[in-house]
Amino acid sequence: MANPKGYLVPVGGAEDKGTDLEKGIIDRNRLSFFELGILKSIVNLVREKELEEPVVEVITTASSIPDEVAKNYKDAFSKLGCNNVGHIRIRNREDANNKEYIDRLLKCNCVMISGGNQLRLSSILGGTKLVDVLKKRYLHDNFVIAGTSAGAMAMSNTMIYEGDASRAHLKGEVKLTTGLGFIENVIIDSHFDKRGRFNRLAQAVAANPGAIGVGLGEDTGVVVIDGKELRAIGSGSVAIIDGKKIDYNNIGDIEFGQPISVENIIVHIMSSGDTYNVQTRKFEGHHVVVNDED
């Protein structure tokens with residue numbers, strides 16, 4: 001099958017949407033990051049088509065405060081000169097088959113799927129015409145599907161929908177279901193560093209060793225290129241957990257609630273600019289320029 005022409009951009013959550021000096025909002029650790037940041041990366045991908053006014057649609061199905069979330073994204077994109085931003089307000093499966101929404105998705109250049117509850121995304125959007133349209137556009141058009149937190153986790157075919165990080169070393173504590181299926185053989189987790197989710201993703205990979213685990217830190221994401229190359233973006237790190245060479249793995253034999261044991265799991269840590277190929281399972285890194293100072 002031909003490689004997708006579009007891009008996926010899963011983001012780990014809490015992405016920096018820029019400072020607002022008028023309101024006194026200053027993130028002193030990231031004052032310049034907005035110019036180099038994730039939202040700008042997304043807009044730049046859309047503008048590869050040299051569009052004067054790209055159209056972005058925000059899907060807020062996962063959120064319990066959809067209108068507030070949509071407004072926040074409209075404000076953030078406007079700071080980057082992207083003012084044609086709509087809100088696709090899907091709250092149930094009937095909404096997901098709304099012809100107006102389908103038509104808008106056929107005409108836009110980018111979709112941003114907000115955070116919230118990823119099980120709402122899979123249960124409301126799964127199997128709908130809306131998801132079929134997104135998949136076709138991703139495969140055949142220069143189209144960007146971005147998602148943050150829950151919106152990132154739902155992109156993969158296998159999706160974590162529940163799992164207390166403090167108990168994730170115990171069999172059965174990590175709950176898996178089917179996601180929206182934009183990318184296969186990958187399991188994505190978000191808020192990875194801040195919420196200590198290594199064991200959660202490791203258990204998911206131990207149960208599915210053919211999949212690559214992708215742990216996204218906050219304000220950090222990856223751009224999926226050609227459906228196989230992951231390029232890290234953002235201010236934090238991306239963890240890659242590869243289970244292909246696992247030897248001993250007791251998850252299929254122990255009782256629920258017992259601690260798992262996994263031998264020879266492979267872990268890579270990526271920062272902005274590093275790349276990883278999910279087909280070859282190779283960490284490719286990137287060239288680092290070192291400036292010598294007298």
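# Reading buried residues, strands and helices

Q: At 9% relative accessibility, does Thr-275 count as buried or exposed?
A: Let's take the general idea before the case. Buried means under 20% relative accessible area. Thr-275 has 9% relative accessibility and therefore counts as buried. Please keep in mind that this is a predicted model.

Q: Where does Thr-275 sit, and which residues is Thr-275 in contact with?
A: A contact list tells you what surrounds a residue once its close sequence neighbours are set aside. Thr-275 belongs to strand β14, residues 275–277. Beyond four places in sequence, the contacts of Thr-275 include Glu-229, Leu-230 and Arg-231, along with Lys-282 and Phe-283. The fold also brings Thr-275 and Ala-232 together: they are 43 residues apart along the chain, yet their C-alpha atoms are separated by 6.3 Å.

Q: What do the totals for the protein look like?
A: The protein has nine helices and 15 strands. Of its 294 residues, 51% are buried. Among contacts with a separation of 6 or more, 73% are between residues 24 or more positions apart.

Q: In which sense do β4 and β5 pair, parallel or antiparallel?
A: Compare the directions of the two strands, then look at the bridge partners. Strands β4 (residues 110–113) and β5 (residues 144–148) are parallel, with four bridges.

Q: How many residues of β10 are buried?
A: For a strand, check both faces, since side chains can point either way. Six of the six residues of β10 are buried, so this strand is largely enclosed by the rest of the structure. One side carries Thr-220, Val-222 and Val-224, and the other carries Gly-221, Val-223 and Ile-225. Thr-220, in strand β10 (residues 220–225), has a relative accessible area of 1%. Its contacts include Pro-10, Val-11, Ile-38 and Ile-233.

Q: Which strands pair with β10, and over how many bridges?
A: Follow each side of the strand in turn. Strand β1 (residues 7–11) pairs with β10 in the antiparallel sense over two bridges, and Val-11 stands opposite Gly-221. Strand β11 (residues 229–234) is also antiparallel to β10, over six bridges. There, Val-222 stands opposite Ala-232. The hairpin of β10 and β11 has three residues between the strands, and Asp-226 takes a positive phi near 60° in it.

Q: Which residues in the largest nonpolar core touch the most other members?
A: In soluble globular proteins, nonpolar side chains tend to be buried together. In this model the largest core has 45 residues, and Leu-125, Leu-130, Ile-145, Phe-182 and Val-214 touch the most other members. Helix α7, residues 129–140, gives the most to this core, with five residues. Ile-145 is in contact with residues including Leu-8, Val-111, Leu-134 and Phe-182. Another core, of 25 residues, lies apart from the largest one and includes Val-58, Ala-76, Val-85 and Val-144.

Q: At what angle do the axes of α5 and α7 cross?
A: Two packed helices are described by the angle between their axes and the distance between the axes. The axes of α5 (residues 99–107) and α7 come within 10 Å and cross at roughly 5°. That makes α5 roughly parallel to α7. On the α5 side the contact involves Ile-102, Leu-105, Leu-106 and Lys-107, which meet Lys-129, Leu-130, Val-133, Leu-134 and Arg-137 of α7. The residues of this contact are six nonpolar, no polar and three charged.

Notes. Residues numbered from 1 in each chain as written. Predicted model: local features only at pLDDT ≥ 70, side-chain atom pairs only at ≥ 80, totals over all residues. Heavy atoms only, no water. Buried < 20%, exposed > 50% of the residue type's maximum accessible area, 1.4 Å probe, protein only. Contact = heavy atoms within 4.5 Å. Pairing = 2+ DSSP bridges. Core = buried A, V, L, I, M, F, W, Y, C linked by side-chain atoms within 4.5 Å. Axes fitted to C-alpha atoms, helices over the stretch in contact; angles between N-to-C directions. Parallel < 35°, antiparallel > 145°, perpendicular 65-115°, else oblique. Nonpolar A, V, L, I, M, F, W, Y, C, P; charged D, E, K, R; others polar.
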